[in-house]
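Thanks for coming, everyone. Please have a look at the next slide, and then I'll walk you through it.

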Amino acid sequence: MTVIAWDGKTLAADKRSVCAGKATTVTKLFRADGWMLAVSGDLVKGLEMVEWFRNGRDPKELPPFQRTKEGYVPLLAISPGREIFHFEDSHVPFRVEEKVYAMGSGRDYALAAMWMGRDAEQAVNVATALDTGCGNGCDVMKLEGQP
């Protein structure tokens with residue numbers, strides 16, 4: 001239950017995490033060597049994936065849960081050149097060729113908002129208004145050196 005949106009300039013994510021029915025405010029956006037990262041799903045596993053990415057992305061060091069269809073967590077990585085990479089159950093990501101991208105339970109709302117001319121932050125706000133799994137605010141990140 002998340003919404004993450006990329007509009008080609010800005011990465012945005014809601015801040016809601018739910019555990020045992022209790023909503024908590026967390027951060028889902030991170031930086032690593034000029035890259036922007038966003039995690040969806042199990043936050044603890046997502047944080048492990050962020051550390052794996054930061055530590056050089058060695059395939060042999062990929063957390064074991066990431067190699068299973070049932071246990072992996074999605075990791076979105078935006079390169080310094082604005083390329084979009086999505087990791088699922090492997091150390092090998094797929095490259096997304098669209099200009100805008102979204103993931104999580106609020107994905108469809110966010111994509112619709114961006115296709116209607118809204119930026120990533122506005123798209124996350126639309127999704128949090130319409131998807132009960134998203135909320136608790138919005139974090140926004142731009143590539144280093146970008147206004």
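**Salt bridges, a helix and a pocket**

At 23% relative accessibility, Asp89 counts as partly exposed. One thing to keep in mind throughout: this is a predicted model.

Let's stay with Asp89. Which residue does Asp89 form a salt bridge with? The partner is Lys69, and the closest N and O atoms are 2.9 Å apart. Now place the two. Asp89 is in the loop between strand 8 and strand 9, residues 94-96, while Lys69 is in the loop between helix 1 and strand 7, so this pair ties together parts that are 20 residues apart in sequence. Lys69 is exposed, with a relative accessible area of 60%.

How many salt bridges does the structure hold? The count is 6. I'll show you another one. Asp14 pairs with Lys28, and here the closest N and O atoms are 2.9 Å apart. Asp14 sits in strand 2, residues 10-14. Lys28 sits in the loop between strand 4, residues 22-25, and strand 5, residues 29-32. The pair therefore ties together parts that are 14 residues apart in sequence. Are these two buried or exposed? Asp14 is buried, and Lys28 is buried too.

Next, a salt bridge between Arg107 and Asp108. Its closest N and O atoms are 2.9 Å apart. Arg107 has 38% relative accessibility, so it counts as partly exposed.

That brings us to helix 2, which covers residues 107-115. Which of its residues are buried? They are Ala110, Ala113 and Met114. These three cover an arc of only 95 degrees around the axis, which puts them on the same side of helix 2. Turn to the other side of helix 2, and Asp108 and Trp115 are exposed. What covers the buried residues? The cover includes strand 1 (4-6), strand 10 (101-103) and helix 3 (120-130). Just after helix 2 comes Gly117, with a positive phi of about 100 degrees.

Now two loop residues. Ser40 is in the loop between strand 6, residues 35-39, and helix 1. Ser40 has 10% relative accessibility, so it counts as buried. What is Ser40 in contact with, leaving aside its neighbours within four places in sequence? The list is Thr2, Ile4, Val73, Pro74, Met103 and Gly104.

Gly81 is in the loop between strand 7, residues 75-78, and strand 8, residues 84-87. Gly81 is exposed, and its relative accessible area is 58%. How far is Gly81 from Ser105? In sequence, Gly81 and Ser105 are 24 residues apart. In space they are 27 Å apart, C-alpha to C-alpha.

Last stop, the largest pocket. Its volume is about 210 Å³. There are 15 residues lining the largest pocket, and the closest to its centre are Ser17, Val18, Gly41, Asp42 and Leu43. Which elements give two or more residues to this lining? They are strand 3 (16-19) and helix 1 (43-54). By class, the lining has 7 nonpolar, 5 polar and 3 charged residues.

To recap, here is what to look for on the slide. Find the salt bridge of Asp89 with Lys69. Find Ala110, Ala113 and Met114, buried in helix 2. Then find the largest pocket, with strand 3 and helix 1 in its lining. Over to you for discussion.

Conventions. Residues numbered from 1 in each chain as written. Predicted model: local features only at pLDDT ≥ 70, side-chain atom pairs only at ≥ 80, totals over all residues. Heavy atoms only, no water. 1 Å grid on protein atoms, 1.4 Å probe; cavity = no way out; pocket = protein on both sides within 12 Å on 5 of 7 lines; lining within 4 Å. Points joined across faces, edges and corners; volume = space filled by probe spheres on them. Helix = DSSP H or I, 4+ residues; strand = E, 2+ residues; numbered from the N terminus. Nonpolar A, V, L, I, M, F, W, Y, C, P; charged D, E, K, R; others polar. Buried < 20%, exposed > 50% of the residue type's maximum accessible area, 1.4 Å probe, protein only. Arc of directions from axis to C-beta. Contact = heavy atoms within 4.5 Å. Salt bridge = Lys/Arg side-chain N within 4 Å of Asp/Glu carboxyl O.
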